[in-house]
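Thanks for making the time this morning.

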Amino acid sequence: MSFTEKLTSLMSRPNQQPGPLDEQPIYIKYGVRFLGIIGAFFCILFGLFNALAVITFNVSCLIGGILQVLIGFIVMALEAPCCFICIEHVNHWAEWTDARPLWNRAAFYCVLALFPVFLCFGLGSLFPCALVFGTGVLYGMMGLGKKASREDMAAAATSPTQMQTGSDGQMPMSTDQNITLMEDPDVWRPT
């Protein structure tokens, strides 16, 4: 397989099914990836800086720096697999991660970003890990999906004091739209 064929196969995914990322706006979808790539770059850079703590015999910062470099490579491999053309399995791992629900990636990034901060608390570990953590938070928010329509939110905000409990103990949704809290904000707004 030539270099150009390998690069083309990394960039295009012909059998990719529409997933949760397809319903997101393009600026959010690629903005989160860009934030992950920037966070991974800074994790590698500041991880090398923290690993220099071997000079001062600070073992926890040395381990935190090594973890930070490892986290940077993991996030970079998952967000931009084209950066690792020479490693065969990176594209497979990135496709596997893209096929998973977005909350899995969010939880993975948020948990990974905590370990170096706990081992060596400082600006060199806090800033890049905060970028990776922020990437995880944004993936989690993307996993929640779009906000409900105004009508759906108004129906969910009905007053529970004017509802009767059903025979099963559950409160049924009211069909009377005059008791919704969101119907006329000027009524409940203080004057």
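Please keep in mind throughout that this is a predicted model. I will start with cysteine 61, which is buried, with a relative accessible area of 11%. The sulfur atom of cysteine 61 lies 2.0 Å from that of cysteine 120, and the two residues form a disulfide, since the cut-off for calling one is a pair of cysteine sulfur atoms within 2.5 Å.

As for what the pair connects, cysteine 61 sits in helix 3, residues 59–79, whereas cysteine 120 belongs to the loop between helix 5 (102–119) and helix 6 (123–144), so the bond ties together parts that are 59 residues apart in sequence.

How many disulfides does the rule give in total? The count is one, and that brings me to cysteine 43, whose closest cysteine sulfur, the one in cysteine 129, is 4.5 Å away, which is too far for a bond because the cut-off is 2.5 Å. Cysteine 43 is buried, at 0% relative accessibility, while cysteine 86 is exposed, with a relative accessible area of 76%.

Let me now step back to the overall architecture. The protein has eight helices and zero strands, so that, read from the N terminus, its elements run α-α-α-α-α-α-α-α. Of the 191 residues in the protein, 34% are buried.

The contact of helix 2 with helix 3 has 17 nonpolar, six polar and two charged residues, and helix 2 passes helix 3 in a left-handed crossing.

Within helix 2, which covers residues 26–51, we find leucine 45, a residue that counts as partly exposed at 42% relative accessibility. Leucine 45 and glutamine 68 are 23 residues apart in sequence, and their C-alpha atoms are 8.9 Å apart in space.

Further along, valine 90 is found in helix 4, residues 90–99, and at 3% relative accessibility valine 90 counts as buried. The C-alpha atom of valine 90 is separated by 7.6 Å from that of leucine 78, a residue 12 positions away along the chain.

Finally, a word on annotation. In an unreviewed entry, UniProt places the feature "transmembrane region" at residues 34–57, 69–94 and 106–139. In the model, the chain over residues 34–57 is 75% helix and 0% strand, with the end C-alpha atoms 35 Å apart. Over residues 69–94 the chain is 62% helix and 0% strand, and here the end C-alpha atoms are 18 Å apart.

How values were computed: Residues numbered from 1 in each chain as written. Predicted model: local features only at pLDDT ≥ 70, side-chain atom pairs only at ≥ 80, totals over all residues. Heavy atoms only, no water. Helix = DSSP H or I, 4+ residues; strand = E, 2+ residues; numbered from the N terminus. Buried < 20%, exposed > 50% of the residue type's maximum accessible area, 1.4 Å probe, protein only. Left-handed = near helix turned anticlockwise from the far one by under 90°. Nonpolar A, V, L, I, M, F, W, Y, C, P; charged D, E, K, R; others polar. UniProt positions renumbered as here; feature names shortened; annotations may be inferred.
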